[in-house]
Number of protein chains: 2
Amino acid sequence: MKLATIRLDAPDSVTRRLRGRLVVVDDDQGTVAEVPEDITPDLWTALHEWDRVEPELRKTDARLKAGDHKKTRAFDDCRFLAPLPRTTSWLDGSAFIQHIILVRKARGAEPPEDLRTVPLMYQGVGDPLLGPTDDIPVTSEDYGIDFEAEVAVVLDDVPMGTKPADAEKHIKLVLLMNDVSLRKLIPRELKAGFGFFHGKPPSSFAPYAVTPDALGSAWKDGRVQLEMNSELNGEPFGHPHAGEMYFSFPQLIEHAAKTRPLPAGTILGSGTVSNEDESVGSSCLAEKRMLETIKDGKPTTEFMRFGDRIRIWMEKDGKSVFGDIDQKVVQAGATATVTTAGRA
Amino acid sequence: MKLATIRLDAPDSVTRRLRGRLVVVDDDQGTVAEVPEDITPDLWTALHEWDRVEPELRKTDARLKAGDHKKTRAFDDCRFLAPLPRTTSWLDGSAFIQHIILVRKARGAEPPEDLRTVPLMYQGVGDPLLGPTDDIPVTSEDYGIDFEAEVAVVLDDVPMGTKPADAEKHIKLVLLMNDVSLRKLIPRELKAGFGFFHGKPPSSFAPYAVTPDALGSAWKDGRVQLEMNSELNGEPFGHPHAGEMYFSFPQLIEHAAKTRPLPAGTILGSGTVSNEDESVGSSCLAEKRMLETIKDGKPTTEFMRFGDRIRIWMEKDGKSVFGDIDQKVVQAGATATVTTAGRA
């Protein structure tokens, strides 16, 4: 089953505007079916009572795919938002060791001593979360604008102290995302000791939230077993395999829930997908620039500029699994996306 | 005007359970009036259309205080939650310089070079936010359990790039809080570079959210001009003045909104209230321990243990302004507060 949230054309209240409309997706036919409000008002609420709601969503899904659903909408008639346009808990891990080693080198810093025993994780912007084709507004090109292609999972309520063996059952949906990064703001922030803040503005999400069972063989060992494709300004950039994730999602959940319960609707990210095999390319510019520095003494690839486009997707059997992220970087102020009120 | 959120006795849906019930507070009479759902379903939603909702809330407030409100409830009949039981954006500054200097000394670290030009800030747990008398569940006493008494402001939508001169109008409510800290988990986290995570579990809030105008002369220069009182296990602990905040809230808003818009419902914290004058005591144990170390070579005050109680409040004209925080530390597992679902 694939779910998405689309913008309401004429919301009659701020509550409805903030929620958007939850839909079930048939990406073979290119149609969606709206989920009736008496089943659930939105995806965030649904995750708080998933056991009750999921079977109802699957019934709607079955009707849609059988062509039995009375009222469907074509993709062209939908403006896809992020599957969760906001959440109270966006936690980003960094579970690809190769990425940590390379970006630390790029910052002139050593990887932490416990690199292979304790995952790195921070809490980032949960509101707004940008949709798949939303512009990325940035104030200055001097910030070192970068993308990071990641996978993420969406959780129901996870009690504090949950262990990996009990963690996987809390993974309800899988997402594909772009963790936008402002590289030149990060070194000062990490030096000051409080971690990422300015360097990690709002992230963007592919349109479909996919249940693990719908991934079939591509969901195994608590990891997404697919290549992460990215294309910068129409040119192929990288296709590393997301199965090389060092810590699994259940291990990341254990880390996240050590001293806090995780609320339903938590989005937990993998960190930038990165492989030891450099021939497959990277999922962010910082890594490519570091590899160039190691090889040639200095980077030749520049960070993103206003007008640059990034496309990110994963394929299975020749088909885009989560739908595509396809975004343009724009100068902040030249866009309506700089307040959360103006966006959705 | 003072607002609060109380637990619904028998919510008929998960949506209503998550929202709680918004009430207007008359803390002279010890009564509350429920805000009708057609005005706003909850405080978080209200903050997204504050210009429309605030006058309606003030009408309810006027009726309550005039004794004209038909149905009121006594405090004894209410279970107060945090004014916002969850938010998509909890940002904590550290705007009291003395606190930064002392806790860094305690960790054997130097204060950042730009201590007086760039505020320190991190994004923390926005869900759950604990109520004023909720237990504080912690897994182990070895974590170095500490409290931090802070003030915080609640914002409406703040555009990216907002400057201090435009920031104060976005401050809609003022809160009092306890930023629970696990001191012995923090040094490893800061060394790893990603900032606080395990060391900052869910925070707790005093019951009333207070409009700046209701603070009168105690709201000036973008700061709360009151003493921060704390009492540990019934013994006076500290009463530093919150007006000594080095960066004002408008300056903290500018910092927070540099690369992101701040969503309505953002809670922005001051950091632990701390004064240069050591005779007024502290607002956390870490500072007291550092002062003991400077004086005697080692700390004599211990961190909190299971069963310890912390009370935090601010007074104006002899009256508790935000209501009291009065909490007990308990061993996690021995309480119902370890999942967000179980709490509200």
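In the predicted model, chain A presents an accessible surface of about 12500 Å², and carbon and sulfur atoms contribute 47% of this area. Of the 344 residues in chain A, 65% are classed as buried, where burial denotes a relative accessible area under 20%. Charged side chains in chain A number 43 positive and 54 negative. The centres of these two sets are 3 Å apart.

The fold of chain A comprises ten helices and 22 strands. With a radius of gyration of 19 Å, close to the 20 Å that the globule rule gives for 344 residues, chain A is therefore as compact as a globular protein of that length. The C-alpha trace of chain A extends over about 60 × 45 × 40 Å along its principal axes. Among the contacts in chain A with a separation of 6 or more, 73% are made by residues 24 or more positions apart; contact here requires heavy atoms within 4.5 Å.

The relation between the two chains was examined next. In general, two copies of a chain are related by a rotation about an axis together with a shift along it. For this model, chain A is superposed on chain B by a rotation of 180° with 0.0 Å of shift along the axis, at an RMSD of 0.0 Å. The two copies are thus related as by a two-fold rotation axis. The same surface is used by both copies, in that 100% of the contact residues of chain A recur in chain B.

Methods
Residues are numbered from 1 along each chain as its sequence is written. Chains are lettered from A and ligands numbered from 1 in the order in which they are written. This is a predicted model: local features need pLDDT of at least 70, side-chain atom pairs count only at pLDDT 80 or more; totals for chains, interfaces and linings use all residues. Side-chain values use heavy atoms; hydrogens and water are left out. Copies are superposed by least squares on the C-alpha atoms of residues with pLDDT of at least 70 in both. Helices (H or I, at least four residues) and strands (E, at least two) are DSSP runs, numbered from the N terminus. The radius of gyration is taken over C-alpha atoms; the globule rule is 2.2 Å times the number of residues to the power 0.38. Buried means under 20% relative accessible area, exposed over 50%, partly exposed in between (1.4 Å probe, protein chains only). Accessible areas come from the Shrake-Rupley method with a 1.4 Å probe; for residues, only the protein chains shown count as cover. Lys and Arg count as positive and Asp and Glu as negative; His and the chain ends are not counted. The place of a charge is taken as NZ of Lys, CZ of Arg, CG of Asp or CD of Glu.
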